[in-house]
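The tour goes from stop to stop, with something to select at each one.

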Amino acid sequence: MSQPRFTRECGSRMLWTLCALCTLVSGGTLDAQWSHRYPKIAGLSHHVYLEGYELPLLTNGPIDPAPAPDGKQVAFASRGWLWLLDLATGDATRLTTGAGMDSRPSWSPDGRTLAFVRDDTKNTTIVLIELASKSERVVVNEPAINLDPTFAPDGKSLFYSSAAAGDLDIWRLDLTAGTKTRITTAKGQELRPLVHRDGNRLVYLFKDGTDEVRIRNLSTGEERTLAGEAILSQTRPALSPDGRTLAVNWPGSDAKGWELRLMSVDHPGPFVVLTRGHGLPLTPAWSADGRSIFYVEADSRQQMELYQISAGGGDPHQVSAIHWSWGTPTGTLRIRTQRSDGPDPAPARIAVRAENGHPLLANGSQVRFDGQNGIPFFYSTGVVDLEVPVGAVDVSAVQGLTTPEQHSTVTVAAGAVQEVSLTLTPVWNPRADGWLAGDHHFHLNYGGPYNLAPEELVTMAAGEDMDVLTPLLANLHTRFEDQQLWTWRKQDRLPFIQFGQEVRPHFFGHMGLVGTQTLHWPWIYGPPYEVYGTDDRPNREVLEFARRESGLNVYVHPIMAPNPFSEEGLKGIPVAFVADAVQGYVDALEVACLWSDEIGSMEVWYRLLNIGVPMALSAGTDVMNNLYRTMAIGTTRVYARVEGTPNFQKYLDALRAGRSFVTTGPLLDFKVAGLRPGEVLTKTKGKVAWSVDLHTAVPVEKVEIVVNGAVVATFDGLKTAGSKTYSGSSMLPTGGWIAARAVGGNITAWPAMDSYAFAHTGPIWIGKVGSTDPTARAAAAHDLLKALDVANRAMVQSYQGIEIPRLAAHFEKARTTLEQAARP
């Protein structure tokens, strides 16, 4: 669920500067809310970026090409195994067959051995395979992330990156003695070691305060930087055999793609651009003779393809595997999914594993990795084929959050087509009752290995049973990419899709703008940005801009800790949020998000409701769709109830009016005297009857009725998938609100991808919208004043004496508002 909200730039100068600022403001690193499966890197607050950008990929098609020393073959990874491609015949032969996902092969100088990375979805190890015998030997198995093996020129030692000492450092393994020596010791992440032919110099990728390609003298420890830039998310340098030239994939100068470039090692300076406008070149590697460079990039179906280009320039040409030799008989698995109440076939999210547990991929699909449950998955439009090794195969499927996971195990015979059909039975059909599902915070492209088109969202939406999607354009430090997609829309029928914008003043708090017609400029400002960093600019400007454009403004991934009003928790509330919210500038709060804590966000939202601020609920996953290691859209979502024939504007109006509930899994249909969330209860004498229907595909510990933030009724939830109705009656105060919530239950299986179950309805107001109970109002105002004080001190400290009269006046006005609310 959560990561500290201020930064989004792993591996950039801004990331590490901002992480330091987050520590200053928030008093330390706050725990993530979805469960990271890989060993945590010490001191790294944004582990999701390290996993997304630095850990190996599972792909359809070749990745990580490694040309052989004899120039006749290329080793690469595909479908999670290593393959060896004969360049003369086009035959690709599978080398590894285990359960783990294998990648990043590196040749020994004599061409007899490959070193590679093995990923078991919880850790990475380094393995050697002897090509003649196919025998394997694990050589690095630390309880830490281990990456990027490469042989020394004499073949007697292996260099690699490992977090065995805390963060990722470069290590050397003596293959004879078995001893390991730490080479780099500085704070930061050191990756992709490349040993110079002289054996005394090392090129590597450094990430801490910037992303840099560095060269190190192994005898003296002296270093110099060869090149650097912010957010080199996919950069993996390659050193030519003669040690004179680096090939690097690099962000393009036009912010519309990546380029393959060459630069001198001894005299670094201007780049020579080899490819431009060809796509997103990945994992470059030199041929043994130094005359050409191999690399991969995804095609329009997100299948990786292998290319070769002359080091002297010219057009690249594709290097295709004509025949794939699996080393074992294969057959075809045909998966058909259908809904018990709807179409046959039906779109679905699918995971397939071989008998030994290795993930199996659909032909022509992009694969993604559910980091909560450790499951690689892909989408199907209803029928999908896979080529698989013979034997038992396990298939799982869901559609969105409403269908419990369905399993089937089938046996595939050689050369045969084995069909399997899975029927998905939803616990509820919200759409049939007017509820539309929305995800209002995710990013189509964000530093990942693919360049997705917006049309691809339609397939994802169908597989997740989503109705409204608003992908947000966001900056990669000072690169403002994908602007050409701003005007792309799909509003003719469900799913409705329209791009929004995330404006990201990291210090003050991030804001999502949904339904606006133009982009807001600047996208970034405030400490510690180099440009606009000292602007006297309240977030209020952005919030008002959204309203002028008839859009909805949302504070996104707001709270990381479950107790935001503790001494430490107060430091984690976005600096500008309280000042903006209490003055009525904020339309909605993203209470449910994979990056933040629902309970903590809920507690802040309660205080605002209790002082009479009618702030709507919103939700978003904040996933990055073009990463491999990314959750599914809609795994945190909001449902808004629309009357009549739906359209995008009706949905947005319902969301703004609070006719909604948010969820990470459970679904709630709450009524008080026949009224639903967003409506006003005018008759409150005596006890008022209420009912709530719980529908869930995941375990839920309890269902609660809440009045002005206090629980007035608690019921046991459901341990298994199903539905249950709870009812009762309560005496209500003369002012305030009533709502329902479902909480608890660790999530360890599909369809959910968050760490615990949570759902909350919008409020039903008592008497009128924005009414308050005096006691609850005063207590909430006192809490919010404490938060405002902490935020104000952080702002004054960060601006370091710079005059900020507009910000100061904005905060002072908020203080006056809260002081008035705190009076009995």
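Predicted model: local features only at pLDDT ≥ 70, side-chain atom pairs only at ≥ 80, totals over all residues.

Residues are numbered from 1 along each chain as its sequence is written, and side-chain values use heavy atoms, with hydrogens and water left out.

**Stop 1: two helices**

Select residues 774–799 for helix H8 and residues 805–821 for helix H9. Helices are DSSP runs of H or I with at least four residues, strands are runs of E with at least two, and numbering starts at the N terminus. The two axes come within 9 Å and cross at roughly 165°; axes are lines fitted to C-alpha atoms, for helices over the stretch in contact, and angles run from 0 to 180 degrees between N-to-C directions. H8 and H9 are therefore roughly antiparallel (an angle over 145 degrees). Residues in the contact (heavy atoms within 4.5 Å) include Leu-784 and Leu-788 of H8 and Phe-811 and Leu-818 of H9.

**Stop 2: an open sheet**

Next, find the six strands that form an open sheet with mixed pairing, in the order S36-S39-S40-S41-S42-S43. Two strands pair if DSSP finds at least two bridges between them. The edges are S36 (472–473) and S43 (616–620), each pairing on one side only. Now select helix H6 (residues 598–610), which packs on the sheet and touches S42 (588–593) and S43. The direction of H6 makes about 160° with that of S42.

Inside the sheet, S40 (residues 511–514) and S41 (residues 552–555) run antiparallel, joined by four bridges. Select Leu-513 and its bridge partner in S41, Asn-553.

**Stop 3: an enclosed strand**

Go to strand S46 (residues 667–672): five of its six residues are buried (under 20% relative accessible area, with a 1.4 Å probe and protein chains only), so S46 is largely enclosed by the rest of the structure. S46 pairs with S48 (residues 687–696) in the antiparallel sense over six bridges. The partner of Lys-671 in S48 is Ser-691.

**Stop 4: a loop residue**

Finish at Val-769, in the loop between strand S54 (764–766) and H8. Val-769 is partly exposed, with a relative accessible area of 45% (the class between 20% and 50%). Setting aside neighbours within four places in sequence, Val-769 is in contact with Pro-614 and Val-680.

Note on methods
Parallel < 35°, antiparallel > 145°, perpendicular 65-115°, else oblique.
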